[in-house]
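Subject: Structure for your review

Dear colleague,

Please find below the structure I am handing over to you, followed by an account of what was found in it. I would be grateful if you would read the two side by side.

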Amino acid sequence: MVNYQTTTQKVNSIRFGSAKIEVGEDVASLVNLGTAQNIEFTEEFTPIVLKPDNAPEITVGVREHYATARFDLWEVDLSNLNLIRGGIDTYTPIAGDPVTVTDEPVKLTGTKMVRLANKNGDGSEPTSIVVKGSDGGETVRNTDYVLGVDAAGWPVIGRVATSSNIADGDTVKVTYTYTPNASAKLSTGGKNIINPRVVRLTNTNAAGKKFQITIYAAKNQKGIELKLPGDDSEDPVAVPIELKGIIDPTRTAGDQLFEILDEQGV
């Protein structure tokens with residue numbers, strides 16, 4: 001017979017799965033970096049210890065308090081590398097030819113904003129936008145629908161609650177012109193200030209509950225490493241990323257480095 005020493009105290013506190021990685025200049029502009037592996041979070045600090053001659057050591061505080069997110073990024077997107085690297089580069093999107101999309105179907109439920117299928121390379125709003133109702137009739141912007149661009153530069157459309165031409169759940173047809181990037185260029189050298197970024201790691205379980213870590217002010221610690229595997233290799237190129245969080249003195253003491261939000265274990 002097995003003699004167990006204890007029993008599980010909170011089964012929901014046993015974590016499984018990886019995390020979504022987001023980086024942004026602030027929380028409102030976080031960008032999903034996509035596919036990665038070897039995702040990890042570590043905290044480190046050095047205790048401040050007093051060593052009297054006639055008594056045991058006394059720990060009175062900490063210094064060199066940091067929090068670091070590390071991962072190997074599979075999606076080598078130059079715009080995201082530019083964001084991660086904190087302003088030491090020059091990122092230049094190079095526009096291609098305009099493309100017209102005719103009658104793209106988009107289902108509008110409630111007043112939820114829905115992304116269109118295509119975006120401008122520079123993240124601006126598409127042009128020549130025409131929205132037809134489910135019956136093919138014309139609609140009016142800001143009366144029947146609203147348009148905008150989300151934090152990742154995707155055009156989004158939503159129904160106005162009081163619209164008389166678009167009913168809740170209707171599928172509208174959107175015609176627009178967008179200009180994709182033909183290429184992009186990242187150049188570097190000569191800029192010496194690395195600006196901090198917000199980093200967020202989010203694990204979501206099967207019940208939709210989050211275990212989320214947010215580092216408030218993290219600076220890039222590594223240059224670009226591109227190890228190109230052989231042509232017959234099944235491994236993709238992976239860029240090692242290390243973002244080291246430092247104390248943000250603009251925040252309240254006790255909440256200046258990182259936050260862990262737990263919806264799973266409560």
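Two strands are said to pair if DSSP finds at least two bridges between them. By that criterion strand 8 and strand 11, the latter spanning residues 171–178, are paired in the antiparallel sense, with 4 bridges. Please bear in mind that this is a predicted model.

Opposite K173 of strand 11 stands K132.

I turn next to the nonpolar cores. The largest comprises 21 residues, and those with the most contacts inside it are L33, F71, L73, V199, I215, I241 and L243. Two or more residues each are contributed by strand 1 (20–24), strand 4 (58–73), helix 1 (78–84), strand 13 (197–204), strand 14 (210–220) and strand 15 (239–245). Strand 4 supplies the largest share, 4 residues.

Which residues does V199 contact, leaving aside its neighbours within four places in sequence? They are E22, V23, A69, I213, T214, I215, A218 and L243.

With kind regards

Technical notes: Residues are numbered from 1 along each chain as its sequence is written. This is a predicted model: local features need pLDDT of at least 70, side-chain atom pairs count only at pLDDT 80 or more; totals for chains, interfaces and linings use all residues. Side-chain values use heavy atoms; hydrogens and water are left out. A nonpolar core is a set of buried Ala, Val, Leu, Ile, Met, Phe, Trp, Tyr and Cys residues joined through side-chain atoms within 4.5 Å. Buried means under 20% relative accessible area, exposed over 50%, partly exposed in between (1.4 Å probe, protein chains only). Contact means heavy atoms within 4.5 Å.
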